[in-house]
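Trainee: I have a two-chain model open and I'd like to learn how to read it. Can we go feature by feature?

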Amino acid sequence: MSTEAASTSTNKAIKTVSGITVRLVGDSGDGMQLLGTQLTNTSAIAGNDIATFPDFPAEIRAPRGTRAGVSGFQVQFASHEVHTPGDSLDALVAMNPAALVTNLADLVKGGLLIVNEDSFEDKDLKLAKLKVSPLEEPAMENYRLVKVPMTRLTKTAVAEFGLSAKEADRCKNFFAMGLVYWLYGRNMDATLRFIHGKFGDGKSVIANANEKALRAGWAFGETIEALGHSYNVEAASLPEGTYRNIIGNQAMAWGLLAAAQRSGKEIFYASYPITPASDILHELCKFKNFGVCTFQAEDEIAAVCSAIGASYGGQMAVTTSSGPGIALKTEAMGLALMLELPLLVIDVQRGGPSTGLPTKTEQSDLMQVIFGRNGESPLPVLAARSPADCFEIVQEAWMLATQLMLPVVVLSDGYIANGSEPWLIPDVSKLAPITITHPTESNNPDGVFQPYRRNELLARPWAIPGTEGLMHRVGGLEKEDGSGNISYDPDNHQKMVHIRAQKVANAAKLLPPQQVIGPQSGELLVLSWGGTYGACLTAVQAAQAQGTSVALAHIRYMNPFPSNLGEIISRYKQVLIPELNMGQLRTLIRARYLVDAVGYNKIKGKPFTVSELLDKITEMTKSGTRTSVQYQ
Amino acid sequence: MSTTLPVLKADDFTSDQDIRWCPGCGDYSILAQMKKVLPEIGVPPEKTVFVSGIGCSSRFPYYVNTYGVHSIHGRAPAIATGLKMTRPDLSVWVITGDGDALSIGGNHFIHLLRRNVDLNIILFNNRIYGLTKGQYSPTSVEGQITKSTPMGVVDHPLNPISVAVGAEATFIARSVDSNVKHLAYTLKRAAAHKGTSFVEVYQNCNVFNDGAFSYAQDKATRDDTTIELEHGKPMIYGKDKDRGIRLNGLNLEVVDLNDGKVKEDDLLFHDEKANSTLVYMLSRMRRPDFPEPIGVFRDVLSETYEDAVRGQIDQAIEQRGRGNLQKLFNSGETWKVGV
């Protein structure tokens, strides 16, 4: 690497703030995701707490310069704890008019607006379907507009490298990055290491040009008068330890590795590509040296079925998908619960129904995974609450699957799958083992092995092929309890349906009780689940700071519910259930606990903002009068 | 200590379950031959797994005392693939039917064959849906009257051997349920092949499609309506061994050996290693223009899927060392707080 230490010193004034929310927007080919990821990592290394929200179109390269092709990355970094990527923007960096007009509404009044003014020519306006340049609009007076000729400045900066016009143009996102780094006093070292790692060593022309563009962006910030000062965000006081930044899908993959190690198993991972779950496959297939066997199957059904085959053979079997793929796996999930074999089914939810909104987030598969199978076919369902929580929850799921001998569903969503946060790296040597036994002797000394004879949790033995004397057949037909032989006996069927239900209910015995954040009783309980945790927690804490009697119970175990949940609910006068769906958890809670829970439902493919939740909490608590149920 | 291995018998592979196929069903014969062949293969029952889908044939696993999975419709090849990929030490058999393998499970069937997973797939072809009581299947012949086609089948039937050739299966064979000697031989050949072994068995459904293959079953007719493929031998058939198959340009033709104009050397000699175009031509031999081939169409060696997959895992471990979780977690950019 040829870089000298990157300067972070400035001669201008520095204003210290507690947190910044910035969004970087441009064409989907402009490298906004890369820019965002680098800013995130750099801020994390600086010790800030962070939360991110990448937002990109489903099309790989939508027509250049159009509104459909706008790709964005939002990050909040702060010296205090943050649980969301932020509601409104302190700064917006827009690389073209389409990106500007589709994002401007989220910039606060007086916020900093940095644009690449070279891309506001007539042809750019036309692509964005604009008659007048938004930079000429009177509304611009509401913002601190900084027009930067990024394309020209980048071209000049990299002139010495003799790049083609196209190659030189591609460096402009690093120019923008340099400017942003100057603005927030970010250290460029990690990004310089990235540039030279990705584009080659010190001899690479492209790498050197990108470095030059980055430094030119920094220098530009230091020079121009329009930016009178830069900002400083101090490190947050996080618990002691070594941290790294982690993305939700990556945490899911790493959690699987940890679960495998804890249980002495090797992973068989089968999936079919689908947004937003594919990154788990991309991540896991790197780890063949951990003994991980990844299988890209011919379809979703083959993915889950091959996993069932691997599970029968004694492997740690995992399949992942999103809503449409889960729909296809449905019949096989029913088979796995009938075979009573451990299996992890991970559903990274996206906007539905049908193909829906592939790259946008939603929480609308809850009913599908709890109920979406033929017959009486309950399964445990767990839901991750944040990117780092994916690491934890998938291990809990594997513990349940193996202790109870059944498939377990893990819910994630597009928001936490692509989002990231600092992660306190665990001490691997302190991870508790997950004990699995495969019988080697018959459980029926008087006769043939009984594959459906159960233990105290109602789990059957996981006897695997290759074991002498334990040959047995399993299948989707109803079977006699104990022997596992096909049975059409009416009483046996009723008994088996109850056993399978009780087995799922027993999961609650293996899981911790529900926790409450805030007063243990009072006016309002906010009941949330899944990826809305950050927004709900932040809103509840803000309301608590205003003196409101409100608490949060964020559920991670969707089926069965924690055993103390009903009792918790009964201690509050009102219950609010915010969900990114039409009220699926609300329906379950109302049915189960006969409580008049109120919903706050948003189905826009976007996460909650803290302010909209805070408004709702305030509305429900200000006069003490009860809000009527809102059906959307 | 004695090192003598116990000699296995057919009874060692007989389960305690009552068989529930219709009396007279062709499945009985296939089960009997399988149980006869399994001890000869030499794999003990605990190392053998039968995987099936849905249909009459798919009840098969219950009737053999091995490990077994009676799964869902069409998915046995996928389940068996996952099992064999992770447990290459097991001998895995897929039992399927014409509806199970070629209709609802068509996708898994072709992908199993093209991947060349080392397992055996036995397709009981009776040209009818039996368990659902008599609807037409993807191998039913055009015009066939069934419960769901009162005016006759209009679909063009799939030829399972042709599909297998198209998917580049490495072992392709056909046998007949009642031809017990040939069936036993074919099953043994399938077991011996490393890679996916595909065997189509003409199987009589005496309740819903009785006599569909009587031409190939009856001793009186079968010598004239079928031709037994034998590696390295000229393709001759007929009760009096007086007809042969010759390659004429890009077509096969039936020739008469009686008049002495065509010599044995002029005939097509069967080659199990032949290119797939020729195998495809054999698969298209259909009554009444041709005798239908039984025997091994193709038997070639190619790397198995599980070997290739395990090979990459072994290579990754060799090159990078066994994965270390703590090292992975601490890789890349990290930072310390308060330590």
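This is a predicted model: local features need pLDDT of at least 70, side-chain atom pairs count only at pLDDT 80 or more; totals for chains, interfaces and linings use all residues.

Trainee: Which residues of α2(B) are buried?

Mentor: The run goes B:Ala76, B:Pro77, B:Ala78, B:Ile79, B:Ala80, B:Thr81, B:Gly82, B:Leu83, B:Lys84, B:Met85 and B:Thr86. Notice that B:Lys84 is on that list of buried residues. "Buried" here is a neighbour count: 20 or more other C-beta atoms within 10 Å of the residue's own.

Trainee: Now the interface. How many residues of chain B are in contact with chain A?

Mentor: As a general idea, the size of an interface is often given as the accessible area lost when the parts come together. Here we count residues instead: 52 of chain B are in contact with 55 of chain A. Several elements of chain B each supply at least two residues to its side: β2 (67-70), α2 (76-86), α4 (106-115), α10 (305-320), α11 (325-329) and β12 (334-337). The largest share, eight residues, comes from α2(B). By class, the side of chain B that touches chain A has 22 nonpolar, 20 polar and 10 charged residues.

Trainee: What joins strand β17 of chain A to β2(B)?

Mentor: Strands of a sheet pair through backbone hydrogen bonds, either parallel or antiparallel. In this case three bridges join β17(A), residues 473-475, to β2(B), and the two run parallel. To find the spot on screen, pick A:Gly475, whose bridge partner in β2(B) is B:His70.

Trainee: And within chain A, what is the order of the strands in the open sheet of four?

Mentor: Read across the sheet, the order is β19-β18-β21-β22, with parallel pairing. β19 (550-555) and β22 (598-601) stand at the edges with a single partner strand each, so one side of each is left without a neighbour in the sheet. From one strand to the next the twist averages 25 degrees.

Trainee: What do β10(A), helix α10 of chain A and β11(A) make?

Mentor: A right-handed β-α-β unit, with the helix at residues 278-284. Its strands, β10(A) at 267-271 and β11(A) at 293-296, run parallel and are joined by four bridges. One bridge pairs A:Ser271 with A:Gln296 in β11(A).

Trainee: Last one: how is each chain divided into domains?

Mentor: Chain A has domain 1 (13-232), domain 2 (244-430) and domain 3 (522-621). The C-alpha centres of its domains 1 and 3 lie 36 Å apart, and their contact takes five residues from domain 1 and nine from domain 3. Chain B is divided into domain 1 (10-231 + 272-311) and domain 2 (234-269). Their C-alpha centres are separated by 29 Å, and the contact takes seven residues from each of these domains of chain B. On the domain 1 side of that contact in chain B, the residues divide into five nonpolar, no polar and two charged.

Key
Residues are numbered from 1 along each chain as its sequence is written. Chains are lettered from A and ligands numbered from 1 in the order in which they are written. Two residues are in contact if their C-beta atoms, placed from the backbone, lie within 7 Å. Ala, Val, Leu, Ile, Met, Phe, Trp, Tyr, Cys and Pro count as nonpolar, Asp, Glu, Lys and Arg as charged, and the others, Gly among them, as polar. Two strands pair if DSSP finds at least two bridges between them. A crossover is right-handed if, with the strands pointing away from the viewer, the path from the first strand over the helix to the second runs clockwise. Domain bounds come from an automatic or database domain assignment. Axes are lines fitted to C-alpha atoms, for helices over the stretch in contact, and angles run from 0 to 180 degrees between N-to-C directions. A residue is buried if 20 or more other C-beta atoms lie within 10 Å of its own, exposed if 12 or fewer, and partly exposed in between; C-beta atoms are placed from the backbone.
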